[in-house]
Amino acid sequence: MPNKKFILFILVSLMYFSCTEKYYPEIDEDVSVLVVDGKITDEIGPCEVRLFRTVSFTDDFSLKPEKDAIVILHDDLDRSEILNETEPGIYQSSFTIIKGEVGRTYWIEIQTLSGKKYESTPELMLPPFEITSLYGDELEVITDDNSEEAVGIYFDAKNNENTGSYLRWEYRESYEWHTPFEADTKITENPQTVCYPVNDFPLINLYDASDIENREVNHLLTSTILQHEVKLKHKYLLDMRLYSVSQENFIFWKNMKAIHQTNGNLYDILPANIKGNISSCEGDFEVLGYFEVSSVRTKKGMFSKDDYSVEFSDFPKECETFNYITVPDDSPPDLTRYFIEKKIIRPRLTLYLARFRHCYECNQKYPTKKPSFWP
């Protein structure tokens, strides 16, 4: 039986620095195309690369992972590391050979099971923007000729090296949610009345600080909490990540944002005319996506309505009682979703007074444990 290490060495040798001529093809929307979504940062943890295939508009939008590929991470110190496929289409480094460091340059090579080869353009990891403050300010939100008071969560940041210019940020929220009602009978065996919803926001958030002399940015918005929401009734947590990215990466996401701001996801509908930093090494193999090299800083903030003058709602609108009328078969509301408070029988109709079940036991909808990023 051949030596496994020798076979691995041959495979690596076939890929290593093998991309001599880059090719950017015209994309045929009816052809399955390789999509690359990868990132290395200066955080503790592995570099991760996700490989998937696009689907046509007539298919469902389930992801098609690119399995059994060889993905190699390189840096400018002549080090290389083969990433392990931890799940179908998801490849991670062991974090023992190559670590993300500011001032170092990184790129990846890919060889699919069919033998097609791709490479990313080497990118320098730029100095980070330090998040100096995370705070809430009151504001007015106007939508469809209606206005509503709100609190926006903002941040300030500074690049101490005065060399970074382009920012991208992500954030998620969690808050303490209490059930407003108590049922006269148990809906579940272990009812819970305090829960912790978690929301991720797939928006593309960018800022160009290249014209700012001291590379200090202020009052950049993350989330907005509207007056009718109950997120601030008890405790509200915002967890954000701020990336210092290259100009090329900034342009990539700016183009993505211009076409479909609400997606922010490489796997939803990736426009063919948006080129990333991935190219095929030979032939006319199509490829889309980006391998990002960035430094990152994180910050969390806890907020409550007591910090602001806005009169936030104490009652979730989703838990208002509603009338449900049926004729004449007397079929009730969907009991997997609703709890019936009262049934009123009238001539030729039946009236139900019902609410969503989670308004009595929040574990019907929300997690009961604090998320891992909760302090």
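**Close-up views of the cysteines**

**View 1. C195 is buried, at a relative accessible area of 0%.** Buried here means under 20% relative accessible area, exposed means over 50%, and partly exposed lies in between (1.4 Å probe, protein chains only). The model is predicted: local features need pLDDT of at least 70, side-chain atom pairs count only at pLDDT 80 or more, and totals for chains, interfaces and linings use all residues. Residues are numbered from 1 along each chain as its sequence is written, and side-chain values use heavy atoms, with hydrogens and water left out.

**View 2. C195 is joined to C362 by a disulfide.** A disulfide is a pair of cysteine sulfur atoms within 2.5 Å; in this pair the sulfur atoms are 1.9 Å apart. The two cysteines are 167 residues apart, with C195 in strand β15 (residues 194-195) and C362 in the segment after β25 (349-356). Strands (E, at least two residues) and helices (H or I, at least four) are DSSP runs, numbered from the N terminus. The link is right-handed, with 85 degrees about the S-S bond. C362 is buried, with a relative accessible area of 0%.

**View 3. C319 and C359 form a disulfide, with an S to S distance of 2.0 Å.** C319 lies in the loop between β22 (295-303) and β23 (322-326) and C359 in the segment after β25, so the link ties together parts that are 40 residues apart in sequence. The torsion about the S-S bond is about -90 degrees, so this disulfide is left-handed. C319 is buried at 0% relative accessibility, and C359 is buried at 0% too. A search of the whole structure finds two disulfides.

**View 4. C47 is a buried cysteine.** Its relative accessible area is 3%.
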